[in-house]
Number of protein chains: 2
Amino acid sequence: MSTAHKRQKDPQAVRQLLLEVAADLCVEKGAAGLTLDAAAAAAGVSKGGLLHHFPSKADLLFGLLDDMIARMDAAIAEAMRADPEPHGRFTRAYVAVTFGTEAMAEDARWKAMTMPLLAEPALRARWRDWIALQAELHVGTDSSLDCELVRFALDGLWLASVLESHPMDPAQAERMKQRLFDLSRG
Amino acid sequence: MSTAHKRQKDPQAVRQLLLEVAADLCVEKGAAGLTLDAAAAAAGVSKGGLLHHFPSKADLLFGLLDDMIARMDAAIAEAMRADPEPHGRFTRAYVAVTFGTEAMAEDARWKAMTMPLLAEPALRARWRDWIALQAELHVGTDSSLDCELVRFALDGLWLASVLESHPMDPAQAERMKQRLFDLSRG
DNA sequence: TTAAACATACCGTCTGGACGGTTTTATTTC
DNA sequence: GAAATAAAACCGTCCAGACGGTATGTTTAA
């Protein structure tokens, strides 16, 4: 990192930029509507450059999903660290992350991108694996009926926010959030 | 209708068949992956024939969504008719429909198809309109916090069933269903 | 010197849909 | 009610553009 400003080329940054612009295009046009030409142009690199980082379009999409899962993991882990009560801790972290504690605008893109990605049948396996892993990790503390119900509701809320189908004012959102927290404590 | 068996051509049936095979292909390949050639071939008509019923691919996709919404409306209306208690009636109908009271295999296709369709940004407006209409129709009886929470949970459950991410045995599903019914009564 | 990190040019395929026919059904006219 | 006419319901062909990916050259960093 100390020499980052000296390097004229920063492959990691280029890769990250590619993922970001690809995410934007994915939100706008869908996963299949995302083209390599458009992504490369938006990132200011040639298509050859893009294909150097992601050898195929499938690799790019997998990269997007993996990045998204990594962000999700990190956010949940951080939210769990601040919660002393074991029962329902994972579920409450899920609440906090879904309602976006921090930079909303920043990760709104990643939330919106998930929809087109999951619509692509080829990408669902990775998502399923992650869900199964979480379920296995937090069995015992978060497998009560109400905890599961809360997490389903959060998925529904996420869906609504992506589709912009259920506009909610902040007060309403806060009440919902509190109710979900309460249910997670059983 | 009395002469239906005499007609050699049945445009309505052809149109319906086109929608059904298109739904299947949409589930398999996604909305963008659905090709006119494949749909026409699967329905046993030429591409020209398909384009006669649906002048463009967008029209076909809109047709799919409209058909899906119509089925949803009919199923919900029927479920509501059997419920004497006004408060939360729409929400309970939503529960019943989501958990699939009747021919599961038949409408499983239409549930699965919704995902790729909603992933297509161009189609979301119609969906939003339907949601807004439902909210307007049942304000007063179904706008309590818990009713909204239940409906969000149902959307989450629908998502899980489409993605096959949260396998549930029948007993578990029944408990969840009852819990959601209870919450809808407040 | 070597490999990574790009750029440029190009190709084969796929796909939406335009277009001009042809057959079937409905409607009108005589 | 038969002929004529119009309109709907298709079929087969072709094409222009888009898109993923390859092959190859060039520059930059180690």
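Modeller: Two residues are taken to be in contact if their C-beta atoms, placed from the backbone, lie within 7 Å. The model discussed here is a predicted one.

Colleague: What box do the C-alpha atoms of chain A fill, and what percentage of the chain's residues is buried?
Modeller: Along the principal axes, the C-alpha atoms of chain A occupy a box of roughly 55 × 40 × 30 Å. In chain A, residues 24 or more positions apart supply 69% of the contacts with a separation of 6 or more. Of the 186 residues in chain A, the buried share is 32%.

Colleague: What rotation superposes chain A on chain B, and how are the two copies thus related?
Modeller: Chain A is superposed on chain B, with an RMSD of 0.1 Å, by a rotation of 180° with 0.0 Å of shift along its axis. The two copies are therefore related as by a two-fold rotation axis.

Colleague: Which residue of chain A comes closest to the rotation axis, and is that residue buried or exposed?
Modeller: The residue of chain A that comes closest to the axis has its C-alpha at 1.7 Å from it and is A:Ala153. A:Ala153 belongs to helix H8 of chain A. A residue counts as buried if 20 or more other C-beta atoms lie within 10 Å of its own; because A:Ala153 has 27 such atoms, the class is buried.

Colleague: Which residues does A:Ala153 touch, not counting those up to four places away in sequence?
Modeller: Within chain A, the partner of A:Ala153 is A:Leu180. A:Val95, 58 residues away from A:Ala153 in sequence, has its C-alpha 9.5 Å from that of A:Ala153. In chain B, the residues touched by A:Ala153 are B:Leu149, B:Phe152, B:Ala153 and B:Gly156.

Colleague: Why can the copies be said to meet through the same surface?
Modeller: The contact takes 31 residues from chain A and 31 residues from chain B. The copies meet through the same surface because the share of chain A interface residues that are also interface residues in chain B is 100%.

Colleague: Which element gives the most to the side of chain A that touches chain B?
Modeller: The contact takes 31 residues from chain A. Two or more residues come from each of helix H6 (104–119), helix H7 (124–137), helix H8 (145–163) and helix H9 (170–185) of chain A. The most, eleven residues, come from H8(A).

Colleague: How do the residues of that side of chain A divide into nonpolar, polar and charged?
Modeller: This side of chain A takes part in the contact with 31 residues. They divide into five polar, eight charged and 18 nonpolar.

Colleague: What is the phi of A:Glu164, and is B:Glu164 buried or exposed?
Modeller: A:Glu164 is in the loop between H8 and H9 of chain A, and its phi, positive in a residue other than glycine, is near 55°. B:Glu164 sits in the loop between helix H8 (145–163) and helix H9 (170–185) of chain B. A residue with 12 or fewer other C-beta atoms within 10 Å counts as exposed; B:Glu164 has 12, so B:Glu164 is exposed.

Notes:
Residues numbered from 1 in each chain as written. Chains lettered and ligands numbered in written order. Predicted model: local features only at pLDDT ≥ 70, side-chain atom pairs only at ≥ 80, totals over all residues. Least-squares fit on C-alpha atoms with pLDDT ≥ 70 in both. Helix = DSSP H or I, 4+ residues; strand = E, 2+ residues; numbered from the N terminus. Nonpolar A, V, L, I, M, F, W, Y, C, P; charged D, E, K, R; others polar.
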